[in-house]
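User: I would like to learn how to read an interface and a sheet in a model like this one. Please start with the terms.

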2 protein chains.
Amino acid sequence: MKPYAEMTRDELLALRKELKAQYREMQSKDLRLDMSRGKPSVEQLDLSMGMMDVLSSDDDLTCEDGTDCRNYGCLTGIDEAKELLGDMMEVNPNNIIIYGNSSLNVMYDTVSRSMTHGVMGNTPWCKLDKVKFLCPVPGYDRHFAITEYFGIEMINVPMSESGPDMDLVEELVASDDTIKGIWCVPKYSNPQGYSYSDETVRRFARLKPAAPDFRIYWDNAYGVHHLYDHDQDHLIEILAECKRAGNPDLVYKFASTSKISFPGSGIAAIAASRNNLEDIERQLKNQTIGHDKVNQLRHVRFFKDIHGMVEHMRKHADIIRPKFEAVEEILERELGGLEIGSWTKPKGGYFISFDSLEGCAKDIVARCKKAGVVMTGAGATYPYGKDPHDSNIRIAPTYPPLGDLITATELFALCVKLTSAEKLLKTME
Amino acid sequence: MKPYAEMTRDELLALRKELKAQYREMQSKDLRLDMSRGKPSVEQLDLSMGMMDVLSSDDDLTCEDGTDCRNYGCLTGIDEAKELLGDMMEVNPNNIIIYGNSSLNVMYDTVSRSMTHGVMGNTPWCKLDKVKFLCPVPGYDRHFAITEYFGIEMINVPMSESGPDMDLVEELVASDDTIKGIWCVPKYSNPQGYSYSDETVRRFARLKPAAPDFRIYWDNAYGVHHLYDHDQDHLIEILAECKRAGNPDLVYKFASTSKISFPGSGIAAIAASRNNLEDIERQLKNQTIGHDKVNQLRHVRFFKDIHGMVEHMRKHADIIRPKFEAVEEILERELGGLEIGSWTKPKGGYFISFDSLEGCAKDIVARCKKAGVVMTGAGATYPYGKDPHDSNIRIAPTYPPLGDLITATELFALCVKLTSAEKLLKTME
């Protein structure tokens, strides 16, 4: 098949007719498939069922330091959990606070605290006329939802395969002291699966922000979420790099076990400099008596150590990898050479990012939905849900069983073709 | 022994000498006892160890409605948990949101959200010059810590056996629209163990606050925490009473299972009108994808229903009751008739409140500490840690084993006597 743009009007009309017939046939199958969110599949969840057995009524729920995990206390988390998550996040356990079940909640709290109490002695953001965040795009909709909820103005920064456009980031943060943060998913980014290059990380650590309370929100959600055993992306550890660059307080790093053990029943953490952590602990001691230590202990007893976690992640990869490969194969087979879309080929994380012809994404997603396949809403990967090109679509291959995923991706490819053909026909009118 | 105030100077001098000798003897015992916090004892924690067995890798972690508790989702909690906590909180499950492990965190979030986003469309508190809370005193230090952290001015309202001084509450909230809330522990209050009378609850529900965003923060922490099977306090349910009074949106009600299952690994909840809950959910959906559903399911499977929970609480009572009785017995035996202190005799909750002669509380607590017994800091039961009479001391009898508790209470009584004798001697100078 030749590129659609090289087709004549008649060729496109014939093509549209054929694609419409195929679409009607798919519609008649009454599909109900969901590729909208980065959720682990049932098979993946089953990998962690052993976690339900590691603590029984015969077990001692006491920490190494003698803390009874069943009672109150231990505000910043038990030592064993700090060690495990320290290894996972590649930071010193002393630079960690363990939270509850959701790293998103930790990020929310971080923004909320900055609004009401400011960052390390600086003016609370709620007292300022304007607060802005930089948002590498496409990015993660729930990040953007937090900043939008707090009335923080979001500025798009284009992503590339090596990370955000650092020329732009450097220029903006140096010149505008109302810019207080930037949302980053530095490894296997959401949705493109790109990992920041060494140069990008180094430039982040060397930023010279005009605002003393500017922080990098480093959401390392997919730090150990590789698809392959050897062909893995590697990221320079940002806390250490910031320290080396003389900017130790520049970054908040977030992570959780949500896509390692059970989403919603995992443990989350923040890692930062001691200055930042002390600032956070002044809030934390008013906010709670402590997070769920029994669940922290459960995770430690189940994974034992970082090697156990890495072995566990290999099992996740074995389930996920064929799904990523299936999507990429179908997209290549159905769309290769047509020049109506491009997609990423990540080595980890939870998403594949698809870019259609300009102005087609909303129609493609709507068309999928009409035939029973729910995709992430078009525009969701941009602040305010506004994709200026209406072209980016996030594909989340993990949740459906492989058979369903194949069907859903075939339908998706069909919708891309049909919408693109119509789009091109319209430009000829 | 006659009342200290009726003693001559010589009698008091002799008494002081004798008490000092007793105190030195206690000091030589090198005690290390803690009566400072309302923590369950190890024996109580053991009651809930069965909770570690109700979910195993052989069990299905699916809810009645088909939700897989292991995965993301279910923002406001699983239906079964809403039913259980609905019965516990005496409200319709539809009026409940289940949170994470800490009701204190829910209260913190509630204040924090009111600061940044306001209450049901009203001006965010951070945009106001002044925000005030009423604080029935003595009260719970962690409540006061939250309001202090947010710079909210706290106004003392005296407590009586039937609850806060409602004449004062009514007058203040009606006349001052900067008063946005009142902290209440309505049943077996912290620290006195008083329960609000029917009249008090009715007057709360009929408040006519000047501020449309005034809310009653009804922390029903000890709703099912009775010491006796039959001799129990009963509280009129506040949500229903507010609805009957035509003020359905007036109250936020908080509770958790912290002192039912495991403190720090329980589940917490807020109950409120649908209007309030919808206001809260607008925040919640940005804050998290959902709380720990596996732990919610664990609680439901363990307690089964409210009857199971009530039976469980009876076992707690059997452990706690002798401790309360021992403290009361020692105080009566050692201090009865001396007119140097009074104390409450609660039928539930976690505390006994002690009032010394004016100006003695700090010295008594300091003296206890020097002999190895840690009490809650004097003043902690008042906003800003300032007890205007320096007389209130919170006794927390639950955590130490009975033998230790007896020793600690005897030391406490001794310190009360010694400090009181010295105080009276000073007034004679």
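Analyst: A salt bridge is a side-chain nitrogen of Lys or Arg within 4 Å of a carboxyl oxygen of Asp or Glu. Here Asp46(A) forms one with Arg70(B), where the closest N and O atoms are 2.7 Å apart. The count between chain B and chain A is 2 salt bridges. This is a predicted model, in which local features need pLDDT of at least 70 and side-chain atom pairs count only at pLDDT 80 or more, while totals for chains, interfaces and linings use all residues. Residues are numbered from 1 along each chain as its sequence is written, chains are lettered from A and ligands numbered from 1 in the order in which they are written, and side-chain values use heavy atoms, with hydrogens and water left out.

User: How many residues of chain B are in contact with chain A?

Analyst: Contact means heavy atoms within 4.5 Å. By that rule 59 residues of chain B touch 59 residues of chain A. Buried area is the accessible area (1.4 Å probe) that two parts lose on being put together, summed over both; between chain B and chain A this is about 4900 Å², with carbon and sulfur atoms giving 51%. On the chain B side, Arg70(B), Tyr72(B) and Tyr149(B) lose the most area to chain A, together 16% of what that side buries.

User: What is the strand order of the open sheet in chain B?

Analyst: Strands of a sheet pair through backbone hydrogen bonds, either parallel or antiparallel. Strands (E, at least two residues) and helices (H or I, at least four) are DSSP runs, numbered from the N terminus, and two strands pair if DSSP finds at least two bridges between them. The open sheet has 8 strands in the order S2-S9-S8-S7-S6-S3-S4-S5 (chain B), with mixed pairing. Strands S2 (96-98) and S5 (163-164) of chain B stand at the edges with a single partner strand each, so one side of each has no neighbour in the sheet.

User: Which strands pair with S8(B), and in which sense?

Analyst: S7(B), residues 215-219, runs parallel to S8(B) and is joined to it by 4 bridges, with Tyr217(B) opposite Tyr252(B). S9(B), residues 268-271, pairs with S8(B) in the antiparallel sense over 4 bridges, and there Phe254(B) stands opposite Ile270(B).
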